[in-house]
Amino acid sequence: MLRSLNILFLNFTYPIPENGGTERVIDNLSYHFNKNGHICFVGFFEGIVGNNFNIKDFVDLTNKRKYDVELLDFIKKNKIHVIINFKTTLSSLIIKVLKRSKVKIISTLSYDPLNYLKVNRIQQNNSIINHLKITLGFILFKYSVNQILKISSKYVILSEYCLNDLKQIVKRKYLEKVIAINNFNSINNINYDFLSVKENHILYVGRMKDKNKRLFLLIDIWKAIIEKLNDKSWVLNMVGSGDDLNKLKEYIDKEKIQNVVFFDNSDPVNFFKKANFFLMTSIAEGFPMTLIESQKFGCVPIAFNTFASIHDIIINDFNGKIIKEGDTDAYVHAILELIYDNEKYSGLQKNAIEYVSKFDAVNILPEWNKLLEEVI
């Protein structure tokens, strides 16, 4: 059995689980690591401290003038055995500190390997200058990822399906360090009585940020749906916060789009319980927890085929719908078809609940425990 370890998570922000998928992953891991006798710490580079009872202590790395010294002191003071790095890029100064610490490092890529290219290509015009900016940015991103790989014992990606995309970034000599471990769900012991009283709700849960989530596209899809539905009791609930929240509200008012309700960073469980469908329009994702959690609560997912790991999570026409990128008409049709065909919808819902059990903690955690044993 693995001895008790002091584990330091590094992340962009403090892991408040309501704030996003990566934060929930860290929260899930730290909870289960604690149960196994390990002690968990966190270092964060932006934002403020939140409440997380799974974290014993933290190091605030927001002050760039002394964050290298503070990180090294924290590692020594708390006798850290393993660092699990969720930050995809790190400054050369932090990389030097991690090398000096001589602590074993497991790094992760918590989103689509080609996220940078996908997001920036749809946001920029086709000028030569912008093309050069994107190309240079991608070169710098690749350099940073390889520098992290150089000091890491293992590099965790979220799906075997991501490996081909990763090969466009990582030097061949580092590929032997790469291992795929899916995100896992920690919600168990669900009473499914709510399935019989679901409401006419369609759901989005996530950051209100259009750049990669493409929320204006989601709103346009909803507009097409509600205009075609005879039953106007259907509602789109959007749960989360972010930079584009007010812009989205203004757009809905301007276009007079019906039945859209916004909620802040509330616990999404009650929303999953009430909703029939979960919509995702992202241009890129890592291994979205919301697609797992929605299915756990019998909320059928619909998403574009824009990221590799989706084929781990959804089998088209079995437990959800995967829509060809760019085909918004097919997206709208898929939802309307399932609204009007209750037998087909019920089949997808039943399959979704059963299928996602493969992502339960009991099935994924042994892979993390094995990885810790190999690294130590």
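1. Start at N189, which sits in the loop between β7 (178–180) and β8 (201–205). N189 is exposed, with a relative accessible area of 81%. Its phi is near 55°, a positive value in a residue other than glycine.

2. A quick word on the model: it is predicted, so local features need pLDDT of at least 70 and side-chain atom pairs count only at pLDDT 80 or more, while totals for chains, interfaces and linings use all residues. Residues are numbered from 1 along each chain as its sequence is written, and side-chain values use heavy atoms, leaving out hydrogens and water.

3. Now look at R214, in the loop between α7 (210–213) and α8 (215–228). R214 also isn't a glycine, and has a positive phi of about 55°. Most residues other than glycine have a negative phi. Is R214 buried or exposed? R214 is buried, at 11% relative accessible area; buried means under 20%, exposed over 50%, and partly exposed in between (1.4 Å probe, protein chains only).

4. Next, the inside. The largest nonpolar core has 40 residues, and L8, L71, I83, L98 and Y155 have the most contacts inside it. Such a core is a set of buried Ala, Val, Leu, Ile, Met, Phe, Trp, Tyr and Cys residues joined through side-chain atoms within 4.5 Å. Among the elements supplying at least two residues each are β1 (6–11) and α5 (128–151). The largest share, seven residues, comes from α5.

Technical notes:
Helix = DSSP H or I, 4+ residues; strand = E, 2+ residues; numbered from the N terminus.
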